[in-house]
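Q: Could you show me how to read strands and their surroundings in a protein model, step by step?

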Amino acid sequence: MAVTKKKYTGCQTYIHALAQEIAYERDHQFASPLRIVIEASSWLQPFIVPFFEKLGLEAIHVTSTSMQDPLHVFIPLSGASLGLRVHDDGRTMQLITEKGVLIDSDLQTVFLYLCYLHSRPGATIGAPVSAPQLLESMAEGLGGKIVRTKEWSRAIMEATQEARIHPLFDSLFAIGLVILHLERTGIPLSDLLSLFPSFHLLRDRVDCPWDSKGEVMRSMMERTKDVPADLIDGIKFYHENGSVLLLPDADDPVFQLVAQSADPELAERLVHSYRGHILNALG
């Protein structure tokens, strides 16, 4: 019990410090408090409720069992500016627009990086090699820098200079950045998201025995030796107007394929082509 109490106290201290940090940056607040709907498990409520209280937001806290309407339906009915589903790990979340639209995970990632870079001009921040390539041009336009890393959270954090936390791994920090950006711009979330250029990520998984992964990687390097590539994590091949990442899964006997392009048909062709290369290498 003593350990639990100690952890609880530590969390409360952290939440208070984080709320103070976010509040310090809030110099463009709306005339009336921002209204947010937050869905989280009941055991998380004691940790997240004080955060929004300290920020002076109009927060509507719900659980999945307390809702008569689905969350995406309730948000526009409530007149909220955005919705937030905090996952049980407390580290990750899903954003929902004021119109009740669930935001695609890759678009959410880009938006969180945008919010971070606006709040920390000139910052350097780590991004996994699988994250959208749009991040580089966006960071450059804001005077920041993206450092591509392996998929591990530790590698991403180590590349994020002078930062203790990262928006991909702390849901309250991430939503704090979103609040700052909404208040800074005064533009509805759905309108902000519509400003991003079109991009498409297509993901696939290809079964591969553990002891064949090395041979497949060597075969792929040989087959595509004339294609520009980098080896930050797995192999990322660059084609005209697109790229594809071949990533051996650390936990399962599979390869992950992540194709990116502004053209969804090209992304699909890349996945199909590289899936074929892997299967051919397996014989």
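The dialogue below takes up a few features of this predicted model.

Q: Which way do the side chains of β5 point, and are they buried or exposed?

A: In a regular strand the side chains alternate between the two faces of the sheet. Here T124, G126 and P128 point one way from β5, while I125 and A127 point the other way, and all of them are buried. Because five of the five residues of this strand, residues 124-128, are buried, β5 is largely enclosed by the rest of the structure.

Q: In which sense do β5 and β6 pair, and over how many bridges?

A: β5 and β6, the latter made of residues 145-149, pair in the parallel sense over five bridges, and I125 stands opposite I146 in β6. Together with helix α5, residues 134-141, the two strands make a right-handed β-α-β unit.

Q: In what order do the four strands of the open sheet stand?

A: The order is β2-β1-β3-β4, with mixed pairing. β2 and β4 stand at the edges with a single partner strand each, so one side of each is left without a neighbour in the sheet. From one strand to the next, the twist averages 20 degrees. Within this sheet, β1 and β3 pair in the parallel sense over four bridges, and I38 has L84 in β3 as its bridge partner.

Q: Is S261 buried or exposed, and what does its side chain reach?

A: Buried means under 20% relative accessible area, so S261, at 6% relative accessibility, counts as buried. S261 is found in strand β11, and its side chain reaches the backbone nitrogen of D263 at 3.0 Å. Leaving aside residues up to four places away in sequence, S261 touches several residues, including F199, H200 and N241.

Notes:
Residues numbered from 1 in each chain as written. Predicted model: local features only at pLDDT ≥ 70, side-chain atom pairs only at ≥ 80, totals over all residues. Heavy atoms only, no water. Buried < 20%, exposed > 50% of the residue type's maximum accessible area, 1.4 Å probe, protein only. Pairing = 2+ DSSP bridges. Right-handed = clockwise from strand over helix to strand, strands pointing away. Polar contact = N/O pair within 3.5 Å; in protein donor to acceptor, adjacent residues only side chain to side chain. Contact = heavy atoms within 4.5 Å. Axes fitted to C-alpha atoms, helices over the stretch in contact; angles between N-to-C directions.
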